[in-house]
Amino acid sequence: MEYDKNVINRLKRIEGQIKGVLGMMEQGKDCREIVTQLSAARNAIDRTMGVIVSDNLEKCVRENVEKGEGTDHLVKEAVELLIKSR
């Protein structure tokens, strides 16, 4: 699968957040600040996973429709993947 530049940029921002958290830890920042930043990074990762799964699902559904094949199993698989990721 080819990934959109927006998804790659999201991951680069998340990478920056994680590096920022490491810096905060090295500076001895308060744990509440660190946990807040980690929570933001986790939420960003969750949203990115959702974007990746939905983009892939859309592509697969279109391909199956063009082939005259069913799509129910694709939706079920995508939902299971998102559930497993939690």
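Here are some questions and answers on terms applied to a predicted model.

Guide: In this predicted model, local features need pLDDT of at least 70 and side-chain atom pairs count only at pLDDT 80 or more, while totals for chains, interfaces and linings use all residues. Residues are numbered from 1 along each chain as its sequence is written, and side-chain values use heavy atoms, with hydrogens and water left out.

Visitor: Why is N64 called buried?

Guide: N64 has a relative accessible area of 8%. Buried means under 20%, exposed over 50%, and partly exposed in between (1.4 Å probe, protein chains only). N64 is therefore buried.

Visitor: Where is N64 placed, and what does N64 touch?

Guide: N64 is in helix 2, residues 31-67 (helices are DSSP runs of H or I, at least four residues, numbered from the N terminus). Leaving aside residues up to four places away in sequence, N64 touches E69, G70, T71, H73 and L74; contact means heavy atoms within 4.5 Å.

Visitor: What makes L38 partly exposed?

Guide: The relative accessible area of L38 is 40%, and L38 lies in helix 2.

Visitor: Which residues make the nonpolar surface patch?

Guide: I18, L22, M25 and L38 make this patch of about 350 Å². Helix 1 (residues 5-26) gives the most, three residues.

Visitor: Which helix supplies the largest share of the lining of the largest pocket?

Guide: Helix 2 does, with five residues. Helix 2 and helix 3 (72-84) each supply at least two.

Technical notes: Patches are made of residues with over 30% relative accessible area and no salt bridge: like charges are joined within 9 Å, nonpolar side chains (Val, Leu, Ile, Met, Phe, Trp, Tyr) within 5 Å. Accessible areas come from the Shrake-Rupley method with a 1.4 Å probe; for residues, only the protein chains shown count as cover. A salt bridge is a side-chain nitrogen of Lys or Arg within 4 Å of a carboxyl oxygen of Asp or Glu.
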